[in-house]
Each structure stands twice: as structure tokens, then as C-alpha cells.
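The sequence and structure are shown below.

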Amino acid sequence: MSYIIGVVLFALGICVSVALHEAGHMVTAKAFGMKVRRYFVGFGPTVFSWRRGETEYGLKWIPLGGFCDIAGMTALDEVTPDEAPRAMWRFKTWKRTVVMSAGSVTHFILGFVVLYLMAVTMGLPNLAGPTTTEPVLASTSCARSATTKEQAQDANCPQGAARPAEAAGLRAGDKILSIGGKPIATWDEMLATVQATSGPTEFDVQRGDQRLSLIVDVPKVQRWSAAGVKEVGMIGASPQLPAATTQYGPIAAVGATFSFTGTMFSETAQRLVEFPERIPAVVTAIFGGERDPNTPVSVVGASRIGGEAVERGIWVLFFFLLASLNFFIGVFNLLPLLPLDGGHIAVVWYERVRDWIRARRGKAAGGPVDYTRLSGITMVLVLIGGAVTLLTVTADIVNPIRLQ
């Protein structure tokens with residue numbers, strides 16, 4: 001039941017975000033005096049609506065976002081005589097830019113607010129990866145062969161299994177300084193060195209104020225990995241991971257949230273750059289291949305992960321995903337491609353630059369861009385976007401990404 005609640009909550013969060021995106025367009029358009037005809041949450045048949053002033057507000061049956069109908073968004077849009085003076089395309093370039101970018105800005109604000117509330121309550125995730133984890137032991141266990149993925153994920157130790165680290169006297173809290181004379185700085189370095197080692201090996205260890213030299217008899221075992229089964233050295237030890245989150249006071253949380261937001265923007269841009277090259281992996285996953293956790297996910301996939309996070313009580317992950325999705329939608333929507341808002345902004349600024357050049361040459365300003373000439377490119381981009389959406393939704397249904 002908690003999984004279903006999580007899925008519904010995450011999907012509801014996305015719907016609210018998209019509805020507020022459209023509200024951003026509406027509020028800024030009204031502020032500049034543009035005519036806003038309708039603002040609806042959802043699509044399909046109307047559940048109910050009401051009129052306030054010149055705008056009709058309402059709710060539709062399919063709760064997937066919403067829309068804001070601004071009169072004269074392009075010069076091709078039909079407007080009534082009373083709407084013509086307030087048609088959007090007649091307003092100054094900067095005002096039209098503000099209105100069209102307001103949806104993405106709303107997503108950015110929502111993402112920031114979610115992160116700030118996390119910072120002062122449950123804490124912000126520490127994004128430091130395994131490569132920065134210090135070589136400090138959290139616990140010791142056994143060294144055993146595992147030739148399948150299921151065996152590798154099983155943390156249970158068979159009775160009588162060898163425990164090399166424990167047998168050598170290593171304890172939780174010990175920091176590995178060197179192995180066989182090779183200095184060790186991170187857990188990944190320690191892991192790689194151990195895997196390439198076998199037999200009695202000297203471990204230099206820091207334990208409190210003491211520096212110890214212990215001899216660990218490192219056995220070779222067979223271990224499964226995505227690249228196949230191979231023989232590696234293993235001592236049976238787990239790393240002491242850094243705290244999962246850091247909580248801040250109300251004032252300190254502002255700076256921490258700005259810093260964290262900057263990191264997320266950088267990662268979002270990187271994901272967008274890598275987006276096309278990850279599509280083949282989505283296709284492979286649909287036809288039975290292993291699903292790469294770094295492949296794109298749809299709203300369906302994000303909602304499923306959100307549901308799993310709630311099921312396991314990992315609310316930090318739930319809200320982190322919600323903030324991440326808001327940043328991604330906001331950045332994606334600003335790409336200079338029609339029919340995205342970024343495409344409309346690009347057209348507006350093309351007109352502005354074109355008219356500036358014409359003015360420098362003593363010519364009159366040109367007319368509004370004829371969107372019919374861009375319809376072919378727009379249709380191609382819509383078809384590509386639809387195909388990618390279909391692929392990711394299919395993959396998220398037949399072979400979803402799951403929490404480990």
C-alpha cells in the first residue's frame with residue numbers, strides 16, 4: 001500500500017509542478033496586460049469551470065499538467081477585434097521572453113523550495129560518491145565466491161566461511177594507510193589493490209592514536225560483475241560511508257541550497273548532453289537486456305522510483321527526485337526547439353536581432369515570423385519527442401529501474 005501511495009504522491013507532485021508552470025505563464029502575461037483567455041489544470045473533458053474577469057479557470061478530467069491560453073501568442077493566432085491590441089506578439093521582446101520563460105523559472109523556484117525545506121528538516125543528500133570515501137572499515141564479513149548477480153547481492157555469510165580481515169585483527173573504525181607498502185587514500189584504491197593481491201599481505205592501519213602493522217592472508221575468490229565472472233582478492237570488509245545527509249539551520253540552509261542547486265544544474269546539463277547516446281540502452285532494456293540505472297526515465301519510471309522510496313521510508317530520495325525532475329523539466333523546456341518555450345523564445349529574439357540589423361541598414365522592421373514555414377521542423381521534433389517518450393515509458397513498464 002505504501003508503494004501505491006508513493007507512486008500517487010509523486011505523480012501528483014509532477015502534475016502540480018506542471019500546473020504551476022502554466023500558472024507562471026498566466027501571472028506574468030496578466031502582469032504585462034496580455035489577454036489570458038483560459039487557465040485549466042488537466043486535459044480532456046471539463047469537470048467544472050468558472051469565469052473571473054476575462055479569464056476562464058477550470059479543471060479537466062485527465063490530471064496531466066494543464067494549459068494557459070494567451071491571445072495572439074503568434075501572429076498566426078486568430079484574435080477578436082477587442083483582443084488584437086493586447087495580443088502577445090505585439091508586446092516588447094523582453095516582456096514576451098519573461099512570459100515564455102516564466103514556466104521554467106517556476107520549476108526552478110519549486111526545485112529550490114523543495115531543497116531548502118529538505119535542508120532545514122531531513123537534510124540535503126551528500127553527493128560525494130564512493131571514490132571520495134575514506135578507506136575506513138565499518139564492519140568485517142566473509143570472503144566468498146559469488147558467480148551470479150543474486151549471489152553478489154546476498155550479504156549473508158555461509159557458516160564456516162573465511163573471514164580474512166577479522167582473522168588478521170582488523171576492526172570497525174580502522175583506517176587503511178597502505179597495503180603491501182602501497183599508500184592508500186580512498187576506499188576504491190583499497191578495493192582495487194586488494195583485488196589484485198593474494199596471500200599474506202602487510203596492512204598498515206591507523207587505529208585511534210596507534211599505527212599498526214597487520215598481516216592479512218588474502219584469498220582469491222570468484223566474483224560476479226557486469227563484465228563477467230573473474231577471480232579477485234577479497235578480505236571481507238565494508239566501508240564506513242559518509243553521512244547520507246547534512247541538516248542546516250534556516251540561515252545556513254539558504255547558502256547550502258544555492259550551492260546544491262548549482263551542482264544539480266550542472267548535472268542536469270550533463271544529462272541533457274548525454275541524453276541521445278543513452279537511448280540505445282533504453283531500446284536494449286525493452287528487449288530483455290539489463291537496465292542501465294543511468295538511462296533516461298519517463299514520468300512513469302520516476303513515479304515508480306518515488307513509490308519505492310516511500311515504501312522503504314527514504315523520503316530524502318523522494319523529495320530529491322521531485323526537485324531533480326523540476327530542474328530537468330525547466331532546463332529542457334528552455335532548449336531552443338519548437339514547440340518548447342525555448343523555441344518560441346528563439347523565434348522572438350531572431351525577430352529582434354533581424355530588425356536591429358535591418359534598422360542599421362536603414363530598412364523598416366520585418367513582419368512576424370511565419371510559423372507555417374517552421375511547421376515541418378516542428379512536426380519532426382514532435383515525432384522524435386513522442387518516440388523517445390514511448391520508448392522510455394515502455395522501458396519503465398517492462399524493465400524498470402529499481403532501488404538496490
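A pocket is here an open set of grid points with protein on both sides within 12 Å along at least five of seven lines. The model under discussion is predicted. Its second largest pocket has a volume of about 960 Å³, and its helices α1 and α8 cross at roughly 30°.

**Second largest pocket**

- The lining of this pocket comprises 27 residues, of which Ala 152, Leu 191, Arg 223, Met 234 and Ala 237 are the closest to the centre.
- Two or more lining residues come from each of the helices α3 (149–153) and α5 (187–195) and the strands β10 (230–233) and β11 (237–239).
- Helix α5 makes the greatest contribution to the lining, with six residues.
- Classified by residue type, the lining contains 14 nonpolar, seven polar and six charged residues.

**Packing of α1 against α8**

- Helix α1 spans residues 2–32 and helix α8 spans residues 315–333; their axes come within 11 Å.
- The axes cross at roughly 30°; because angles under 35 degrees count as roughly parallel, α1 is roughly parallel to α8.
- The crossing of α1 past α8 is right-handed.
- On the α1 side, the contact is formed by Gly 6, Leu 9, Phe 10, Gly 13, Ile 14, Ser 17 and His 21.

Note on methods. Residues are numbered from 1 along each chain as its sequence is written. This is a predicted model: local features need pLDDT of at least 70, side-chain atom pairs count only at pLDDT 80 or more; totals for chains, interfaces and linings use all residues. Side-chain values use heavy atoms; hydrogens and water are left out. On a 1 Å grid over the protein atoms alone, a cavity is a set of points where a 1.4 Å probe fits but cannot get out, and a pocket is an open set with protein on both sides within 12 Å along at least five of seven lines; lining residues have an atom within 4 Å of a point. Grid points are joined across faces, edges and corners, and a volume is the space filled by probe spheres set on the points. Helices (H or I, at least four residues) and strands (E, at least two) are DSSP runs, numbered from the N terminus. Ala, Val, Leu, Ile, Met, Phe, Trp, Tyr, Cys and Pro count as nonpolar, Asp, Glu, Lys and Arg as charged, and the others, Gly among them, as polar. Axes are lines fitted to C-alpha atoms, for helices over the stretch in contact, and angles run from 0 to 180 degrees between N-to-C directions. Angles under 35 degrees count as roughly parallel, over 145 as roughly antiparallel, 65 to 115 as roughly perpendicular and the rest as oblique. A crossing is left-handed if the near helix is turned anticlockwise from the far one by less than a right angle, and right-handed if clockwise. Contact means heavy atoms within 4.5 Å.
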